[in-house]
Amino acid sequence: MIYGPSGVGKSSLIKKIRQELSDIRFLTINPSSLYSKVRNSNKKSLFLFYFIEFVGKAEKKIVEIFQQAKSLQPSIIIFEDLHQICDRKDLGKEVSQSLTMALIKSLDSIASNEKILIIATTNQISNVDMALRRSGRLDKEIKLEIPQNKERYKILSLYLDKLPHNLNEKELKELNDNMNGFTGSDILTFLRESLIKTLQNPENLIENFSGLKISKKTLENCLSEIQPSGLKDLILEIPKTLWTDIGGYNEIKSQIKQVVEWPLLHPEAFARMGIKPSKGVLLYGPPGCSKTMIAKAIATESNLNFIAIKGPELFSKYVGDSEKAIRELYKRARLCAPAVVFFDEIDAIATKRSSNTDVSDRVLLQLLTEMDGIEVNNVITIAATNRPDIIDIGLTRPGRIDHLIYVPPPDLEARMEILKLNIVGNKMPVNEDVKIDDLAKKTERYSGAEICLICREAGLKALSKKLKMDLIKGFCFK
């Protein structure tokens, strides 16, 4: 049994086996060869028609394949997407059990002296019947995981060697470091899109494309457009926010980099020093003090897989679905590690436990369990809240979210930087009598969001006066 996420190379491994063992007969069984299309639009009789007409044929095909393999020894039978053959939920439980039993009987019919090997592939091994995975059947399980940094570099180099490019080794390593979570098929898609963009560039429309090479800029542009296939439905389109876009908070920025970026980008250094990195960070403080902006800056600057989750969106009206959402969230994060999981407004799901075990308590317990199991998987949890007093103490104990960072209202220096970003950085036209130092002193105890609001409201009032004057001049002219 060869299993793993989609795109990690299961089919490529089968092709390589075929090439190496060209003198052995291969017999392939895939779902499309077993299930025929039902040309019947009547939904009420659809299942009955399928069951009578096709289930027996599917079982017969499995038996015939095994009989053919015995007559062509040595032979190898390949089952592609085994979970679709033995776990057809859309066709009913009876159909799934019938095909599973036919496959089990065929496997048991192989004698010990017969030279027949069974290879099955799946990306949903949990859906495969356990009776098929016991000793004597598909008992050898080989897991293919998403390639890590070194393996990914080898795959990227292997594909790039076949393409014209002008990247040196240092640039290639930098590109590889920004591709966390990419599978082999993701890398192939990324390079194909880069080649297409290179060919579509008007500057490259030369005769026979002689001397054409893929540039570093084209690769970087395509990399920002392609997401790892395992996280496409989880990674959000987060606006680009740099550390320089956040005024002040230099000490907090430094702490965040030490806790989040260093362990994930330099794991060898932490191992050499014998330091265990923190598993989580809690950003707490008054509303409007840049907690979410800090998380956006982490997503932009760290080049890590960043999964942003809003607390309330995890809840479901169905029992068990909320806990399942937490499990799937961390499962995907572990597959595409190193990764950062960000919970905005975590007080919605991590409030203090009560005597009644309601949905929020079960979600919290599932979250605590998942955090306890990620110590070697390069996943860091970041949470933000303005109500730290209602957070359950089990979440903030050492070993879970053990690094608490208070984000206070901006001090004088930070307020000056925020005003400069909004006035000078946004090229807002102001009179000469506007003194940023004086404004910073007058906005004591203001949050960063409130200072931004002052600048926006001042600009709107100035614009309103200008429009009114233009309107009055227009009436006078008429």
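Biologist: What makes S7 and strand S8 (residues 339-344) a pair, and in which sense do they run?

Modeller: Two strands pair if DSSP finds at least two bridges between them. S7 and S8 have 6 bridges, in the parallel sense, so they meet that definition. Within this pairing, Ala308 stands opposite Phe342 in S8. A word on the source: this is a predicted model, in which local features need pLDDT of at least 70, side-chain atom pairs count only at pLDDT 80 or more, and totals for chains, interfaces and linings use all residues. Residues are numbered from 1 along each chain as its sequence is written, and side-chain values use heavy atoms, with hydrogens and water left out.

Biologist: Thanks! How do you know what counts as a strand or a helix?

Modeller: Both are DSSP runs, numbered from the N terminus: helices are H or I with at least four residues, and strands are E with at least two.

Biologist: Why is strand S7 (residues 305-310) called mostly covered?

Modeller: Of its 6 residues, 5 are buried. Buried means under 20% relative accessible area, exposed means over 50%, and partly exposed lies in between (1.4 Å probe, protein chains only).

Biologist: What makes Tyr249 stand out, and is Tyr249 buried or exposed?

Modeller: Phi of Tyr249 is near 55°, a positive value in a residue other than glycine. Most residues other than glycine have a negative phi. Tyr249 sits in the loop between helix H10 (216-225) and helix H11 (250-265). Its relative accessible area is 10%, so Tyr249 is buried.

Biologist: And how do you know whether Ser290 is buried or exposed?

Modeller: Ser290 has a relative accessible area of 14%, and therefore counts as buried. Ser290 also has a positive phi, about 75°, although it is not a glycine. Its place is the loop between strand S6 (280-284) and helix H13 (291-301).

Biologist: What makes the peptide bond from Gln73 to Pro74 worth a look?

Modeller: That bond is cis, with omega near -5°. Most peptide bonds are trans. Pro74 is found in the loop between helix H4 (55-71) and strand S3 (75-79).

Biologist: Let's turn to the sheet with the order S2-S3-S4-S1-S5. Why are strand S2 (25-29) and strand S5 (142-143) said to stand at the edges?

Modeller: The open sheet has 5 strands with parallel pairing. S2 and S5 each have a single partner strand, so one side of each is left without a neighbour in the sheet. S2 pairs with S3 in the parallel sense over 5 bridges, and Leu27 stands opposite Ile77 in S3.
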